[in-house]
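Dear colleague,

Please find below the structure that I am handing over to you. My notes on it follow directly after.

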Amino acid sequence: MFKNFTSKKFEYWALITILVVTFFVYLNHFDNPFFFDDTHTISENESIRSLSNWTEFFTNADTFSSLPANRAYRPMITLKNAIDYAIAGGLNPRYYHYHIFFWFLVLITLLFLLSKHIYKQSDPKNKIIGVTALFATAWFALHTANAETINYICARSDSFSTLCIVASLLLYIYPTTRKWYAYLFTMIIGIWTKQTGVMFFPILFIYVLLFEEYDLISEFKKDIKQKSIKIFKKVAPAGIIAASLFLFNQYYLTPKSTDSTNYFVTKFEYISTQCYVIIHYLGNFILPINLSADPDIAIITPWYSPKIILGFFVILVLIFIMIKTALHKKTRPVSFGIAWFFIALLPTTLNPLFQIANDHRMFFPFVGLFIAVPWGFKIVLEKYNILGKGKNYITYLISISTFILVAHAYGTTQRNRIWDSSDSLWLDVVVKSPKNGRGLMNYGLTHMADGNYEVALEYFNRALEYTPNYYTLYINLGILNGGMNNHNKAIEHFKSAIALNSSSPAPEFYYARYLVGQKKYKEAEVYLKKAIEKSPNHTKSKELLSLVANNSKQPEEEINTLLAEIKNNPSPRLYMDLSIKYYEIQNYAMSIVASRELLKLDPNNADAYNNICVAYNQLKQWKLGAEACAKAIEINPDFQLAKNNLKWAENNIPNK
């Protein structure tokens, strides 16, 4: 019955089909923007703007991020970001997504080869090894939870380091590449991608124990010393290099300013809470309907909380299954997959991180489950002879498998849409993680961008309840109050942000930007220099400092110069500059006059109408502002800034 599904030709075309379907499922994600850590590793990171200094990525971890506390030693990620920046010719996220997705397709292919090999090692004569491996591969490729990693550009560290581990294991498995120690090369690349690459060593140990030296398990009391030495010799090169490289990178190449440890919780509290986090991850593996870009899972106390006890019980059950299945050759893929799951979780389970859980952390551990679970189902089907009960049962089985894959494919496209914009992503976070202060703040930012200042303030205040010491929140409160002309509160919030963070340049930069808006150039220059002192490769601070340095003229002097030029040779450009200068010194009436003079020369200038709109808004003449913005949008329907200003005006028109 399975004759047609056992040929290499079928497997080849089935794998091609999986890759093609995966491409179409992810087709709506390629234009998704930068989020989260993409800001400090890409958008604001001067180091990736040129490939001429690429060797420095491997010797100086400062190049990884513009934030001193986030400068992990991940030179491969910095190199990839720089390559994508060069190819894109700037900050175009589409090219980053192309690059990440290419390696995702490579990983899918390698996972098929790995799972098929492991299955064959356990039951070489089984006729549905290829079909089982193909299902495992398709499930991995389309699984909705993986969309959290593939959509998040900075999480390329998770996807590519996982690829390196899978590739290393395959290179170890094949005799020729093992002979030349090629697997050590990919392991090193994996470690340079993310520190979790060192987990290849314990995974390799489990593989050797289960599939090469399994006599140590089945005949434990016999020749244990010799067998242990044999295993040690096989894994020693990987273990020695992995440990040495990790220690060298961590304690020599990683800057002292880097700090990811959460000091607000005890190690016991963090690790005990991870028992519940594991349930959360397993729930997302089984039914990923509660995925959140920023989960709000917090420390759970006391340690005997039902959530922790339940998680601990689930862990014990999985360990029992892992040991039980390790004792029989045909069930060892299940044991190997569960072991992979736990090994991959160790780095984020034992080291207290600021984020208690994060859904992109599931990518690496889930590879083990994608190997274990399909094989476990196959064992159950064979035990109860489901496949031998007739075509109807096989039809039901194919239908269920297809439904699972189609459901995940649909879920993935929906998650891609969630990641399509800040509005959709942060609304999803607020709904699913209502106690997440960062999520509330970021959703408030989407309202602030739309001119809904009161709504934004509401979300910022809600965020304060959960994250009272979050310096970024105080920065945004400063920006918001500045926009609402509450300048005393704005300054208070900016200074609170500066007091709360000693390593990030962001508080000084945004306060300086606010001061520039208030024409306090000298004071702004002082804070910009402090920001650059903290982070020499913070591009925004350097660019703003350059503008401040060039802005030595007094605004009145610049206006007089523009008026003289207009008298001799009036032009739309000069009137536009004049309108902007009047706006900057808060002479909104004259800004409107300059824009109207511009319209006499260029009646269809949408920018002039937008300037009139925002000036009327500042004068609180909301109806006139709305009329001007409506005219700007009539001329240019895609004028987003005018749309934002129109919304600002309409929201303040009485009785509207």
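How are helix 7 and helix 9 oriented relative to each other, roughly parallel or roughly antiparallel? The model is a predicted one, and its coordinates give the following answer. The axes of helix 7 (residues 156–173) and helix 9 (residues 182–193) come within 8 Å and cross at roughly 165°. Angles over 145 degrees count as roughly antiparallel, and the two helices are therefore roughly antiparallel to each other. Their crossing is left-handed.

On the side of helix 7, the contact is formed by Arg156, Ser157, Phe160, Ser161, Cys164, Ala167, Ser168, Leu171 and Tyr172. Helix 9 contributes Ala182, Tyr183, Thr186, Met187, Ile189, Gly190 and Thr193. By class, the residues of this contact comprise nine nonpolar, six polar and one charged. Residues three or four places apart in an α-helix point the same way, because there are 3.6 residues a turn.

Overall architecture

The protein contains 31 helices and zero strands. Its C-alpha trace spans about 100 × 55 × 50 Å along the principal axes. Of the 656 residues, 53% are buried. Among contacts with a separation of 6 or more, 70% join residues 24 or more positions apart.

Buried positions

Trp375 belongs to helix 16 (residues 363–383). With a relative accessibility of 0%, Trp375 counts as buried. Apart from neighbours within four places in sequence, Trp375 is in contact with Tyr119, Ser122, Asp123, Ile129, Thr132, Lys330, Thr331, Pro333 and Val334. Trp375 and Ile559 are 184 residues apart along the chain, and their C-alpha atoms are separated by 76 Å.

In helix 18 (residues 422–432), the buried residues are Leu425, Trp426, Asp428, Val429 and Val430. Their cover includes helix 17 (391–418), helix 19 (437–449) and helix 20 (453–466).

Backbone features to note

Most residues other than glycine have a negative phi, and most peptide bonds are trans. Three sites in this model deserve mention against that background.

- The peptide bond from Thr301 to Pro302 is cis, with omega near -5°. Pro302 sits in the loop between helix 13 (267–286) and helix 14 (306–326).
- Tyr181, which is not a glycine, has a positive phi of about 55°. This residue is in the loop between helix 8 (175–179) and helix 9. Tyr181 is partly exposed, its relative accessible area being 45%.
- Gln586, likewise a residue other than glycine, has a positive phi near 65°. The loop between helix 27 (572–584) and helix 28 holds Gln586. Gln586 is partly exposed, with a relative accessible area of 48%.

Helix 28

Met590 is located in helix 28 (residues 588–601). At 32% relative accessibility, Met590 counts as partly exposed. Between Met590 and Tyr276 there are 62 Å in space, C-alpha to C-alpha, and the two are 314 residues apart in sequence.

With kind regards

Note on methods. Residues numbered from 1 in each chain as written. Predicted model: local features only at pLDDT ≥ 70, side-chain atom pairs only at ≥ 80, totals over all residues. Heavy atoms only, no water. Axes fitted to C-alpha atoms, helices over the stretch in contact; angles between N-to-C directions. Helix = DSSP H or I, 4+ residues; strand = E, 2+ residues; numbered from the N terminus. Parallel < 35°, antiparallel > 145°, perpendicular 65-115°, else oblique. Left-handed = near helix turned anticlockwise from the far one by under 90°. Contact = heavy atoms within 4.5 Å. Nonpolar A, V, L, I, M, F, W, Y, C, P; charged D, E, K, R; others polar. Buried < 20%, exposed > 50% of the residue type's maximum accessible area, 1.4 Å probe, protein only.
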